[in-house]
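Hi,

Here is the structure I promised to pass on. Have a look when you get a moment, and below it you will find my notes.

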Amino acid sequence: MSSATQGKSTAKRTGNLDDDPDHLLVLVHGIWASPSDWTYAEAELKRHLGKKILIYASASNTYTKTLTGIDEAGKRLADEVLQVVEMKGSLKRISFLAHSLGGLIARYAIAVIYSSNTCNIDQLSENSIIEKSQRTRFSTGGMIAGLEPINFITLATPHLGVRGKKQLPFLLGVPLLEKLVPPIAPWFVGQTGSQLFLTDGKPKKPPLLLRMTSDCEDGKFISALGAFRHRVAYANVSYDHMVGWRTSSIRRETDLGKPSDQSINGYKHVVSVEYCPPVASDGPNFSPEAAKAKEKTQNAPNTHNSIEYHEIMEEEMIRGLQQLGWKKVDVSFHSAFWPFFAHNYIHVKNEWLHNAGEGVITHVADTLRQQESSTLA
């Protein structure tokens, strides 16, 4: 377990004036990575957010442990978070900031440590009641590891998996490569690869990523995600060699449009911020047609079968996740010296090589600080 760190206070506070943190921010790294990926971001967040937020870089799924499956990694992360909460008795609130695969691991983990809101509503702050315009049937409160959930933020996370046209950009959209990679993915990235390519499990069973867009026997995934007051998805619009714009922003191809090439003032490479309200639906469905398409893809992974299956799955996953409101932040490194590092830029993996993403981290920090201020007001 990595050591928890605390930052320097920069905000005026009321109520409890001691230095004990009451808000836990969990940082979750991506595939084949480690807590060191957060060195720059952690320092910046500490500088901006103050002592009341305990910033903790997760270390339970380093390197090859990310290959054992999103579900297994999620359970390890859940156990780790519970240990941190137990050690720090002053904590009352919790948030997550996750990069790439870490976003999916975190989505699984929060379902493991989610509990419906059985405490007296008067025990929660008034601000824990979600704004009327954002309420859905899943926005009924609830706790994560016994704490009030505030922010769930992902950076370049493949929410819809990596199967499908141009969803794994380093394959360059070449149909032959997109056909060949899914069957051999488990050889290189283990069970996690099967789950990302939506080929895990028996044909008649929905793939894990589809199950994670609903409340099912595996966990209350949408209720846990809906318990957070804010959900934010940062997405690279181009040059991300690992995760496509569509999957990281939870959008259909027809929703993408033309990205802006102008940065928002003060946040270099952040080009747009959009709030997408919840869309009422009956949630995702795994129809007999979907099961048949999955079986075809597993047994005969040609281009036609793959496209048919992914189109069905993508629509159902979007239907599931859009039951909740999301803030979507688009990022473009087209003007960076070497834009092909976009996947590492977005969280500044290395301060010297990937500092083009500093504006993104500043945007994340300011967003968290503003929300923290409104919570404590």
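One cut-off before the notes: a residue counts as buried if its relative accessible area is under 20%. Please keep in mind that this is a predicted model.

Let me begin with the aromatic residues. Over the whole structure, the search finds 8 aromatic pairs. One of them joins F96 and F228: the ring centres are 6.1 Å apart and the planes stand at 75°, so this pair is edge-to-face. The two partners come from distant parts of the chain, 132 residues apart. F96 belongs to strand 4 (residues 93–99), while F228 sits in the loop between helix 6 (221–226) and strand 10 (230–236). F96 is buried because its relative accessibility is 0%, and F228, with a relative accessible area of 0%, is buried as well. Ring pairs also bring in F152, giving a cluster of F96, F152 and F228.

Y239 is found in the loop between strand 10 and helix 7 (245–249); its relative accessibility is 36%, so Y239 counts as partly exposed.

Finally, a word on helix 1, which spans residues 39–49. Its buried residues are Y40, A41, E42, E44, L45, H48 and L49. After the helix comes G50, which has a positive phi, near 95°.

How values were computed. Residues are numbered from 1 along each chain as its sequence is written. This is a predicted model: local features need pLDDT of at least 70, side-chain atom pairs count only at pLDDT 80 or more; totals for chains, interfaces and linings use all residues. Side-chain values use heavy atoms; hydrogens and water are left out. Buried means under 20% relative accessible area, exposed over 50%, partly exposed in between (1.4 Å probe, protein chains only). Helices (H or I, at least four residues) and strands (E, at least two) are DSSP runs, numbered from the N terminus. Rings of Phe, Tyr and Trp (its six-membered ring) pair if their centres lie within 6.5 Å; planes under 30 degrees apart count as stacked, over 60 as edge-to-face and the rest as tilted.
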